[in-house]
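Subject: Two-chain model, handover and findings

Hi,

Here is the structure I promised to pass on. Please look it over before you set anything up with it.

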Amino acid sequence: MDVSVVIPTRNRSALLSRTLRSALRQERVDFEVIVVDEASNDDTPALLSALGDHRVRVLRHEFPRGLSAARNHGAEHARAEWLAFLDDDDLWAPDKLFRQVSAASEAGRDWAYTGSVNIENGRIVRSAPAPSEEEVVAALPRFPVLPGGGSNVIVRRKTFTQVGPFDTRLDCGGEDWELWIRLAKHGWPAGVREPLMAKRIHSSNMFGETDRIVRATTVIQTLHDTPIDWGRMYQWLAERYLRQGRWLTALNMSTKAAAYGQVAGAAAMLLPHVRLRLRRRLGLQEEPPPILSDHRAVLARAWLREFEPILDDSAG
Amino acid sequence: MTEVSVIIPTRNRSKLLELSLRSVFWQRNVDFETVVVDDGSTDDTPRMLQSLGDRIRVFSHERAQGVSAARNRGIAEARGEWVAFLDDDDLWAPDKLELQLQALRRDDRRWAYAGAVEITTDNRILAGRPPASPETVVKELMVRNTVPAGASNVIVRKEWLPIPTVFDGSLYHSADWDLWIRLARRGPPACVAKPLVAYRFHPGSASLDLDGMFSEADEIERRYGARVDRSGFNQYLARLAKRAGWGRRALRYYCRAAMAGNRRYVTREFLPDVWRLCSDVLWSRMHRLGIAQRSRPPRRDPHRLWKEEARLWIDRLVREVPLQSVK
């Protein structure tokens with residue numbers, strides 16, 4: 001078997017069914033799926049037992065143990081050469097595992113990453129270029145450069161046992177980044193730069209729990225004794241606060257980002273929002289959000305269509 | 001052993017690809033193989049490729065993965081000592097590989113480029129000028145993409161390519177520029193100062209994504225600490241917009257170029273650029289109204305000889321291969 005896919009989940013049956021579909025659609029790899037059910041009390045257990053797919057195994061926790069522990073538990077039960085993690089709300093392209101495994105095997109690397117897009121309500125809202133391998137190794141200790149959170153990286157199971165499991169002290173934010181730092185210390189990754197995964201942004205995901213990320217970052221700073229790039233960090237946080245509509249906190253974060261030297265970046269991020277608020281205040285007609293039409297958004301739309309009703313399809 | 005692997009990524013362009021393939025097959029005095037990577041074509045490309053039999057090696061991506069992934073696949077399958085890239089709509093002069101290999105051996109270099117001209121969909125020459133010298137190319141790569149004609153121009157030692165990622169699939173317009181920067185860090189290129197490559201400009205096509213080009217230039221700056229020449233880049237985008245017939249956008253880019261530019265551009269070139277743009281737009285309006293003739297008097301062209309040299313081999317290639325319908 002090539003890959004074991006570990007999916008921790010808790011009370012998100014509707015999203016989980018789409019995520020599972022994208023995991024089970026993986027092509028040209030021999031894989032198993034291990035779903036770790038964190039004491040869901042919605043219809044998740046029913047959904048899982050109704051699947052009837054021999055490739056899916058379910059581990060159930062009667063009490064929630066947290067994201068890191070759930071992933072680690074799933075990884076203990078893995079049997080394949082490679083380990084991949086997938087959050088219960090994210091989506092994978094059908095060739096994601098195959099291309100990561102072949103890129104890593106060809107280059108003789110022990111872990112691999114890919115590009116990612118962010119989707120929100122059926123729109124692609126972010127499609128930045130993926131970082132290069134050099135950049136990942138150089139910048140990871142300072143900033144979480146890998147997009148897509150926990151669903152991005154695949155790692156050899158041997159390496160995972162060696163480098164260690166997810167740190168259970170960091171839960172809900174930063175635990176993925178902390179493991180990637182250790183992986184980058186272990187060795188170079190192989191990168192598949194096309195966006196082969198989609199991170200979903202919605203009110204109930206971890207992504208929103210921004211305060212915890214600040215705390216986690218401080219923990220990581222002490223754990224690894226690394227110089228965190230607070231300028232980029234604050235800008236990144238400001239972006240998240242803006243998305244949640246916490247305008248003043250976002251402004252505060254941008255000011256801090258600017259103080260750490262990210263003046264242009266903070267300004268470029270804030271300006272469209274200032275404009276939007278001004279237009280609203282003046283009672284002008286609201287512009288529809290821009291449809292991203294860059295190369296990465298187009299590539300991602302081509303495979304996303306299968307799993308998700310995509311609203312801005314006309315641009316593809 | 002095969003000397004050169006020619007790598008051609010293609011997608012839904014069987015007519016143009018046929019001409020490109022013929023420009024590969026007429027390469028002289030070089031032992032080469034042709035690797036075509038079909039990136040999920042849905043037209044008659046697979047059939048056309050099959051009809052060529054064992055003259056080419058074909059690999060297909062079931063689903064389109066983008067041109068970078070296709071080129072990387074081609075590299076992975078290549079058996080040659082050198083790899084040369086050709087896009088499915090571009091053309092090579094018959095002595096392109098031969099002259100580049102000579103230059104590489106003469107200068108003991110690991111990668112090489114040549115001169116180029118730009119052609120239209122019906123194989124007329126649009127523009128072209130001699131390329132910069134290798135020293136200038138290396139020095140100015142951090143300022144602009146100094147290698148003309150994109151990927152179709154370059155030949156490089158296979159084992160010398162950066163692995164695992166050669167072409168970055170998260171870039172589209174600048175994947176080649178990104179690679180040239182990394183190659184230039186390993187060593188300087190060799191150059192053949194002759195028009196050996198013709199690359200095609202598709203007017204008004206959807207692929208003319210000017211904003212995308214801009215954001216990728218930002219990414220190059222961020223990645224390599226480069227300082228892209230904003231003024232020159234805006235001038236380039238203005239020229240593209242002008243050619244695509246987007247007068248107002250062209251004007252906007254010229255203005256941006258002037259704002260980002262040095263005094264020299266503002267005082268000497270900005271007004272003539274705008275004047276030329278306005279007169280072009282006026283001329284085409286007048287032509288549409290039936291007042292002016294189609295062909296306007298030609299401007300003085302300092303690179304006329306360069307274009308003539310390219311026209312000789314392009315005409316020969318096209319005449320020997322009549323193209324009925326080009327999309």
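Below are the conventions, then the findings.

**Conventions**

This is a predicted model, in which local features need pLDDT of at least 70 and side-chain atom pairs count only at pLDDT 80 or more, while totals for chains, interfaces and linings use all residues. Residues are numbered from 1 along each chain as its sequence is written, and chains are lettered from A, with ligands numbered from 1, in the order in which they are written.

**The two chains**

Chain A has twelve helices and nine strands. Chain B has eleven helices and nine strands. Helices (H or I, at least four residues) and strands (E, at least two) are DSSP runs, numbered from the N terminus.

Along the principal axes, the C-alpha atoms of chain A fill a box of roughly 60 × 45 × 40 Å. The C-alpha trace of chain B spans about 60 × 45 × 40 Å along its principal axes.

Buried residues make up 45% of the 316 residues in chain A. In chain B, 42% of the 327 residues count as buried. Buried means that 20 or more other C-beta atoms lie within 10 Å of the residue's own; exposed means 12 or fewer, and partly exposed is in between, with C-beta atoms placed from the backbone.

Take contacts between residues at least 6 apart in sequence. In chain A, 77% of these join residues at least 24 apart. In chain B, 77% of these join residues at least 24 apart. A contact means C-beta atoms, placed from the backbone, within 7 Å.

**The interface**

19 residues of chain B are in contact with 20 residues of chain A. On the chain B side, the elements giving two or more residues are α3 (67–77) and α7 (210–224). α7(B) gives the most, with four residues. By class, the chain B side has seven nonpolar, seven polar and five charged residues. Ala, Val, Leu, Ile, Met, Phe, Trp, Tyr, Cys and Pro count as nonpolar; Asp, Glu, Lys and Arg count as charged; the others, Gly among them, count as polar.

**Helix packing in chain B**

Helix α8 (residues 230–243) of chain B packs against α9(B) at about 170°, with the axes 8 Å apart. α8(B) and α9(B) are therefore roughly antiparallel. Their contact includes L237(B), A238(B) and A241(B) of α8(B) and A250(B), Y254(B) and A257(B) of α9(B). The contact residues divide into eight nonpolar, three polar and four charged.

Helix α9 (residues 247–260) of chain B also packs with helix α10 (residues 263–289) of chain B, at about 175° and with the axes 10 Å apart. α9(B) and α10(B) are therefore roughly antiparallel too. Among the contact residues are A250(B), Y254(B) and A257(B) of α9(B) and F270(B), V274(B) and L277(B) of α10(B). This contact divides into eleven nonpolar, one polar and one charged.

Axes are lines fitted to C-alpha atoms, for helices over the stretch in contact, and angles run from 0 to 180 degrees between N-to-C directions. Under 35 degrees counts as roughly parallel, over 145 as roughly antiparallel, 65 to 115 as roughly perpendicular and the rest as oblique.

**A hairpin in chain B**

Strand β6 (residues 111–119) of chain B and strand β7 (residues 125–129) of chain B pair in the antiparallel sense over four bridges. Pairing requires at least two DSSP bridges. V117(B) has G128(B) in β7(B) as its bridge partner. The two strands form a hairpin with five residues between them, and N123(B) in the turn has a positive phi of about 65°.

**Single residues**

- D225(A) has a positive phi of about 50° although it is not a glycine. D225(A) lies in the loop between α8 (210–224) and α9 (230–244) of chain A. With 8 C-beta neighbours inside 10 Å, D225(A) counts as exposed.
- N12(B), in the loop between β1 (4–10) and α1 (14–25) of chain B, has a positive phi near 50°. N12(B) is partly exposed, with 17 other C-beta atoms within 10 Å.
- R105(B) sits in helix α4 (residues 96–107) of chain B. R105(B) counts as exposed, with 10 C-beta neighbours inside 10 Å.

Best wishes

How values were computed
Contact = placed C-beta atoms within 7 Å.
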